[in-house]
Amino acid sequence: MEKISQTYESSIADVLEASAVAQSVVHQLRRAHGQFVHRFLHHFSRVDLRPAEFCVLALIAERPGRKQSEIATALGIQRANFVALMNDLESRCLTERRSAPNDRRSYALHLTPAGQHLLADARRAEADFEADCLERLGSLRAREQFLTLLSRLIG
């Protein structure tokens, strides 16, 4: 016997799918973001990283010694939010701030050995997450098209 709540939930889903909202870019991006975060957190739970934290660690590893402001700008993170994020990563002993060589007012960012180790584990989680995304998109070509379209929306 079907429960009333199941009937109600499926009828709401049917109404939404038949509505103009279902064709809204805003709605689809909101839903995609929610699913993305859910899947990301699932894959990255073993390393206890959020998306922004992973991106910061990865970019610092690629460009050690870059200034906080450069990393924040490259990732599109507001300065105040970035300082809080860096404070958290530093308190976890994953990153360190060093005085920038030519600018005493700025900090150069580096991964600690613990940060390098965690990033190596996170890269394995990233590979699993990417494989999941690729399976959902269907092909490498579809993935490339998806990234191109996202870049157009962002830029």
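Colleague: Which residues touch the most other members in the largest nonpolar core?

Modeller: This is a predicted model. In its largest nonpolar core, which has 25 residues, they are Phe 44, Leu 49, Val 56, Leu 57 and Phe 82.

Colleague: Which elements give two or more residues to this core?

Modeller: Helix 2, helix 3 (51-62), helix 4 (68-75), helix 5 (79-91), strand 2 (103-111) and helix 6 (113-137). Helix 3 gives the most, with six residues.

Colleague: Take Leu 57. What is it in contact with, leaving aside neighbours within four places in sequence?

Modeller: Leu 57 is in contact with Leu 49, Leu 89, Leu 94, Thr 95, Leu 111, Leu 118 and Leu 119. In soluble globular proteins, nonpolar side chains tend to be buried together.

Colleague: Now the surface. Which residues make the nonpolar patch there?

Modeller: Val 25, Leu 29, Leu 153 and Ile 154 make a patch of about 430 Å². Helix 2 (25-44) and helix 7 (140-154) each give two or more residues to this patch.

Colleague: Is Val 25 buried or exposed?

Modeller: Val 25, which is found in helix 2, counts as exposed because its relative accessible area is 53% and the cut-off for exposed is over 50%.

Colleague: Changing topic, how many disulfides are there?

Modeller: The count comes to zero.

Colleague: What about the cysteines, then? How accessible is Cys 55?

Modeller: Cys 55 has a relative accessible area of 37%, so it is partly exposed.

Colleague: And what does Cys 93 count as?

Modeller: Cys 93 is at 48% relative accessibility, so it counts as partly exposed.

Technical notes. Residues numbered from 1 in each chain as written. Predicted model: local features only at pLDDT ≥ 70, side-chain atom pairs only at ≥ 80, totals over all residues. Heavy atoms only, no water. Patch = residues over 30% accessible without salt bridge, like charges linked within 9 Å, V, L, I, M, F, W, Y side chains within 5 Å. Areas by Shrake-Rupley, 256 points an atom, 1.4 Å probe, with all protein chains shown as cover. Salt bridge = Lys/Arg side-chain N within 4 Å of Asp/Glu carboxyl O. Helix = DSSP H or I, 4+ residues; strand = E, 2+ residues; numbered from the N terminus. Buried < 20%, exposed > 50% of the residue type's maximum accessible area, 1.4 Å probe, protein only. Disulfide = S-S within 2.5 Å. Core = buried A, V, L, I, M, F, W, Y, C linked by side-chain atoms within 4.5 Å. Contact = heavy atoms within 4.5 Å.
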